[in-house]
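Let's read this one together, feature by feature.

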Amino acid sequence: MKQLRNFLLITASALCIFACSSCVSGQDESAYLDDFRIGVIETTGQENKTSISLYNESLDLVTSLDYKLGSMGSFFCLPQKKDNKVYVVPEGISTLSDLTVVFCIDLTKGTTEEIDIGLRGATAFFVNDDYIFSSVSWNGETSLSRTSLLDHKTDHTSLDSVFFVNQIYTYNNRLFLLCMTSTDSGSLGSRLIELDTESLALINETDFSEFGVSFSNITHYKETLVFGSVHRWSDMLEVDDQRLVLYDLSTNSVATIDLAMKYPAQLALEKASLYILHASLPTQESFGISVFNLDTHRLVYYELSHEAFQIIVKDNMLYSLGNTSLYTYDLSDDKLTFVSEAYVKQRTEKQPYYYVSSMFVN
Amino acid sequence: MHKSKRNTISHLIAILVVVVLAFSTMLSPAYANSASKNKETSLEKRFAAADIYDEGSCDDYARAVSDMVLSSTVFADKSENFDPRSDQLTAVRGFGTYPTRRGVILVTDDKYKNLFPTGHAGIVASSSTIIDSLADGVKIRANNWNTAHKTCYGVTVGSTTVAQDAQAVDWCGTKTGKPYNYDFSNVSTRSKFYCSQLVWAAFKDKFGIDLNTSAYGAVVHPSELVSTPKTGTIYVK
């Protein structure tokens, strides 16, 4: 009997150790609490693998952390930072696109978690104080999910006659969906759908086709939504656009600003200064950065000598990421002054193929 | 030791072994992968498809197509007014520009873990989106193959207009909701599709253009959309 008891105790202990070691990622995620400034995500669509490399302000590599999630992040669907947490969508293996989670890094605790949003391979998402809103188009149906940050409960709804959701944004208890539409005759258009963030009831729906069919991310300044029009529809063709769209929520009026360069693909706002990255994300061409003052409407364009497909502005610094390198600029004195550059493509193995997908700033 | 106690211990050991085996299986990557697969993925279907697509022959074919493309002409994409009755695709130097025009076909040779080693095919739906057929159905997603794939070809059908290429995309869009076709040689069905079959069927049904070659018989391997003389390569990554 004593032998049996000892045997059972040893086996139970072995099981517990095995379970614990399997649950722990085996890497020190407290690195997120260290003095790092930028996280660069390298991922692959061939396997469920991602590597996140952390760099300090001097662009020195601090550490790299690996995760079993594929196709994490994208220049088309950027990571979001909210309340010292970073959220990013992993689609999974590219030809399956079956992951239903948003990956979350808690920068105050140095922990990570996967939040189930109930949508496979979300292609657009937005995080506000209370929810993660996400969307995907499968089998002719475009779905919208809302996942509570408190209890992770998810609600779903379907968006009729929407080909694809370009961008999601919330402001003042209103959920804004910038959607691409497609008619039977093959014409593309766009629609801005406004829903109540709590009830998901429809507030308003506006045909936005004259303002473009594919757009940058959305931001807001005072009572105005701001986004860039990257392409517009003209004579049955999709053509380049170079307009900034300003949607005044108090008057429901729309104004456009002609920019100095085409493809305003991404916006970053700091105070009244809007930084606009001009880049063609599909063709991987980049051109420059416009700085537009939303109070004075002063516009200055800076041509870039390197590629850039994502920008983040924080504390008077601009961080820009290309396919292999990271560049920083000082924004003091209302200028864009180059500071430093670092090669950030750490994963160079031939199989699987890793690519730099996006970054986040601490 | 008393016989009944011995039996009890034996039973307990057997139970523990079963629990350990079950636990280790649940935590294995293979289980995690299979847990997320489409419900239709049966072993019988996967074996049938695997008979057609063995890794060795797929690697050889992908290499042959790559060699062919690199030693052949890359063309400029069609102009807006391209008329196949009188115009021909124009040769360019270099590797072309990544496609954003509706109806351009995208093909990659990249291989995916635990999946058939055939690469993948899709079709450009707009400058920023593509349509492709995956295990769970037809999805619309970002036109990011230039970034997300190691290999990528953009090809356009030589005998169609720009408007007709757009119609091919619209045709693909009407086939959403169909299940995945694991019977790769059954390309005549229109009730289910695999990735390259969807693209092939669009041009076949709309315009009577057969983009298949004899490389895999009736099966439409993604790379055949590149190697067929009926398409011109307009981009090579």
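**Sheets, a helix and a contact**

Q: Which residue is the bridge partner of A:Trp138 in β6(B)?

A: That's B:Lys139. Keep in mind that we're looking at a predicted model. As a general idea, strands of a sheet pair through backbone hydrogen bonds, either parallel or antiparallel. Here, β9(A) and β6(B) (residues 137-142) run antiparallel and are joined by two bridges.

Q: How many residues does the contact take from chain A and from chain B?

A: Chain A gives 44 residues and chain B gives 43. On the chain A side, α1(A) supplies the largest share, five residues. By type, that side divides into 19 nonpolar, 21 polar and four charged residues.

Q: In what order do the strands of the open sheet in chain A come?

A: The order is β21-β22-β23-β24, with antiparallel pairing. β21 (264-270) and β24 (299-303) of chain A each have a single partner strand, so one side of each lacks a neighbour in the sheet. On average, neighbouring strands are turned by 20° against each other, ignoring direction. Between β23(A) and β24(A) there are five bridges, and A:Gly288 stands opposite A:Glu303.

Technical notes: Residues are numbered from 1 along each chain as its sequence is written. Chains are lettered from A and ligands numbered from 1 in the order in which they are written. This is a predicted model: local features need pLDDT of at least 70, side-chain atom pairs count only at pLDDT 80 or more; totals for chains, interfaces and linings use all residues. Two strands pair if DSSP finds at least two bridges between them. Helices (H or I, at least four residues) and strands (E, at least two) are DSSP runs, numbered from the N terminus. Axes are lines fitted to C-alpha atoms, for helices over the stretch in contact, and angles run from 0 to 180 degrees between N-to-C directions. Two residues are in contact if their C-beta atoms, placed from the backbone, lie within 7 Å. Ala, Val, Leu, Ile, Met, Phe, Trp, Tyr, Cys and Pro count as nonpolar, Asp, Glu, Lys and Arg as charged, and the others, Gly among them, as polar.
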